[in-house]
Amino acid sequence: MSIPSTMRALRQTSLDGPQDLRLISDAPVPSPGPGEILIRVAAAGVNYVDISQARGTFAGGPQPPYLAGIEGAGEVAAVGDGVSDLEPGAHVIGVGIGGGAFAEYMVLPAAAALPVPAGWTDEQALGLVVNWPTALAALKPLGGVTAGQTVLIHAAAGATGQAAVKMAKHYGATVIATASPGKHDVVRGLGADHVLDSRDADLTAAVLALTEGAGADLVLESAGGPALDASLAAAKRVTGRVVVYGLAGGEAAITNWDLVYKHQIHVIGLNIGILIQAAPQIFGEVMGQLFGLLAAGVLGPGQPTAYDLAEGPKALTELEARATVGKLALFP
């Protein structure tokens, strides 16, 4: 395929939020370096990381102006030196934490690109490298879920939450999910045993009532802010685990006093990017299990909500306001 010299892209112009994304038409098309590939982006996934970067709260994130977006799926257009296992024409999904996915072309590390499953469109694979591995890592190697345990899953209508509900049910857990009332039917349809209002001020009491006072064996916490304290209080004493993988509602304070006298539980932090870098063996196991779940039909092709590239600011603003359900995708 012929590769143009310039392209349409969304540039983040400040650290004041996604409303300062600007559509430009003269961004230079990047060139793949050693070990990298250039893909023609068919669909880009929208993630909370994009919001964190746009607000300057992502540790080590890019400084504006930068091309936004970390998750892209599309056709390989060119490969850099040393890349032998991918050729132009292959369809892949991958993540580049430095950004550039909200564009017509992006560069990815070849090692971070996975083939789009046979029979799937590119956009149906969005989630395969961000949301689904995050949910699985939180449930299995870190959360240690087993059959018969109770799992509390926050933001269950989101892309990661939906995958977590399906996986937790597959592993034999009882699922208590939280979502805003308008999303409850969606979450029940995924198999959740109980669905609670995520904005309920007495969420802890509701979870304790459903577990006969014992609390949840595992909590998947991405809400942040005041919800973190509710999650800690809703976990089973001594053996309960809370895996924290997001902070959509802002930062929360927890002290050593809290852990000694208030919440005697296991608090586990998860950042999928760090997991890939620091524990590639664990990430490899996660991906092996993930492809097993795909083969078993537990997870199937995604159905993202589509936005045009120019609607990127709207898509991110709606995600930040928790006004969306499932995966969001931008189409360049």
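**Close-up views of a predicted model**

View 1. With a relative accessibility of 15%, Asp-20 counts as buried, because buried means under 20% relative accessible area. Please keep in mind that this is a predicted model. Leaving aside residues up to four places away in sequence, Asp-20 touches Arg-11, Gln-12, Thr-13 and Ser-14.

View 2. Now follow strand 1 (residues 6-12): strand 1 and strand 2 pair in the antiparallel sense over six bridges.

**View 3. A cis peptide bond between two prolines.** Most peptide bonds are trans. Here, however, a cis peptide bond joins Pro-64 and Pro-65, with omega about 0°. You can find Pro-65 in the loop between helix 1 (48-54) and strand 4.

**View 4. Helix 2 and helix 3 in contact.** The axes of helix 2 (residues 131-139) and helix 3 (residues 159-170) come within 8 Å and cross at roughly 45°. The two helices, helix 2 and helix 3, are therefore oblique to each other. The crossing in which helix 2 passes helix 3 is right-handed. Which residues of helix 2 meet helix 3? They are Asn-131, Trp-132, Thr-134, Ala-135, Leu-136 and Leu-139, and from helix 3 they meet Ala-159, Thr-160, Ala-163, Ala-164, Met-167 and Ala-168. Sorted by kind, the residues of this contact of helix 2 with helix 3 are nine nonpolar, three polar and no charged.

**View 5. Two loop residues with positive phi.** Most residues other than glycine have a negative phi. Ala-155 has a phi near 50°, a positive value in a residue other than glycine. Ala-155 lies in the loop between strand 9 (150-153) and helix 3. At 40% relative accessibility, Ala-155 counts as partly exposed. Glu-212 has a positive phi too, of about 55°, although Glu-212 is not a glycine. Look for Glu-212 in the loop between helix 5 (203-210) and strand 12 (218-221). Is Glu-212 buried or exposed? With a relative accessible area of 78%, Glu-212 is exposed.

How values were computed:
Residues are numbered from 1 along each chain as its sequence is written. This is a predicted model: local features need pLDDT of at least 70, side-chain atom pairs count only at pLDDT 80 or more; totals for chains, interfaces and linings use all residues. Side-chain values use heavy atoms; hydrogens and water are left out. Axes are lines fitted to C-alpha atoms, for helices over the stretch in contact, and angles run from 0 to 180 degrees between N-to-C directions. Helices (H or I, at least four residues) and strands (E, at least two) are DSSP runs, numbered from the N terminus. Angles under 35 degrees count as roughly parallel, over 145 as roughly antiparallel, 65 to 115 as roughly perpendicular and the rest as oblique. A crossing is left-handed if the near helix is turned anticlockwise from the far one by less than a right angle, and right-handed if clockwise. Contact means heavy atoms within 4.5 Å. Ala, Val, Leu, Ile, Met, Phe, Trp, Tyr, Cys and Pro count as nonpolar, Asp, Glu, Lys and Arg as charged, and the others, Gly among them, as polar. Two strands pair if DSSP finds at least two bridges between them. Buried means under 20% relative accessible area, exposed over 50%, partly exposed in between (1.4 Å probe, protein chains only).
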